[in-house]
Amino acid sequence: MDANQETRENPFGMDEECPNCPALVESRSQVVHGYGDVGADFLFVGERPGPGADEIGVPFAGGEDGDERGEKLQSILRRLGLLVTDSDPERPEIVNAFVTNLTRCRHPDRAPTDEEISTCEPYLNAEIRMINPEILVPIGERALAELGEEYTTTPVSDLDIVADHGRAIRGRGFELVPMVDPADQSDDRTQEWVEEFSALMAGDYRQTKGRRSR
């Protein structure tokens, strides 16, 4: 954890009573802001909080109230050495990584609308700006489209979450390394992503940032 960081949970003290999306205010249990190491090189961005996150307040939370998506992402982070083994799955000890979502509130019956994603965008942009990671990891098709449009020169129509799974995409100030939604990954696809990302971590990604092409 960064020496100046007091908590992994909503470390930037963002609004925990955000009223901006009425339908989500009605459906959510709580606002779920980003979680993790504010000095991270790697920032993982999903679409919306899962059911466990909605109850616990931590993105991709595991434990009894967690879900498959959160459990699988925590497993991937653990394999990469970015999550301390045996730490609490509800509030995991994440190191050199930060996890967040396009939207901060969960509707149990539907994905977020474009308007809701746009309304939440200042929170995400603030996290990205303050952390200034080396690599952004869009999790799932929606996150890839949103981050690809904002942070790369690649047309969104040329981005494909399956084809780009684990591949470094040159961005504006970052590299993007997309990931198929963990809940939709086979064991082989998970292994493929872990191997690709491990190789990137083993190299000098701080030197090569922005130089790789699709």
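Guide: Let us begin with β2, a strand that is mostly covered, since 5 of its 5 residues are buried, where buried means under 20% relative accessible area, exposed over 50% and partly exposed in between, with a 1.4 Å probe and protein chains only. Strands here are DSSP runs of E with at least two residues, helices are runs of H or I with at least four, and both are numbered from the N terminus. Please keep in mind that this is a predicted model, in which local features need pLDDT of at least 70 and side-chain atom pairs count only at pLDDT 80 or more, while totals for chains, interfaces and linings use all residues. Residues are numbered from 1 along each chain as its sequence is written, and side-chain values use heavy atoms, with hydrogens and water left out.

Visitor: Which residues of β2 point one way, and which the other way?

Guide: F42, F44 and G46 point one way from the strand, whereas L43 and V45 point the other way, and all of them are buried.

Visitor: And what does β2 pair with?

Guide: β2 pairs with β3 in the parallel sense over 5 bridges, and 4 bridges join β2 to β4, also in parallel; two strands count as paired if DSSP finds at least two bridges between them. On the β3 side, G46 stands opposite N101 and F44 stands opposite V99, while in β4 the residue opposite L43 is L136.

Visitor: What is the order of the strands in the sheet?

Guide: The sheet is open and has 6 strands in the order β1-β3-β2-β4-β6-β5, with mixed pairing. Its edge strands are β1 (35–36) and β5 (169–170), each of which pairs on one side only.

Visitor: Where does α4 pack?

Guide: Helix α4 packs on the sheet and touches β2, β3 and β4, a contact being heavy atoms within 4.5 Å. The direction of α4 makes about 170 degrees with that of β3, where axes are lines fitted to C-alpha atoms, for helices over the stretch in contact, and angles run from 0 to 180 degrees between N-to-C directions.

Visitor: Which residues of α4 are buried, and what covers them?

Guide: The buried residues of α4 are E116, I117, C120, Y123, L124, A126, E127, I128 and I131. Their cover includes α1 (22–27), β2 (42–46), β3 (97–101), β4 (135–138) and α5 (141–151).

Visitor: Where does α4 bend?

Guide: α4 bends by about 45 degrees at C120, and a proline, P122, follows within four residues; the bend is the angle between axes fitted to the seven residues ending there and the seven starting there.

Visitor: What comes after α4?

Guide: α4 is followed by N132, which is found in the loop between α4 and β4. Most residues other than glycine have a negative phi. N96, in the loop between α3 and β3, likewise has a positive phi, of about 60 degrees.

Visitor: Changing topic, how do α3 and α6 cross?

Guide: The axes of α3 (residues 68–79) and α6 (residues 187–202) come within 10 Å and cross at roughly 40 degrees. At this crossing, K72, I76 and R79 in α3 meet T190, Q191, W193 and V194 in α6.
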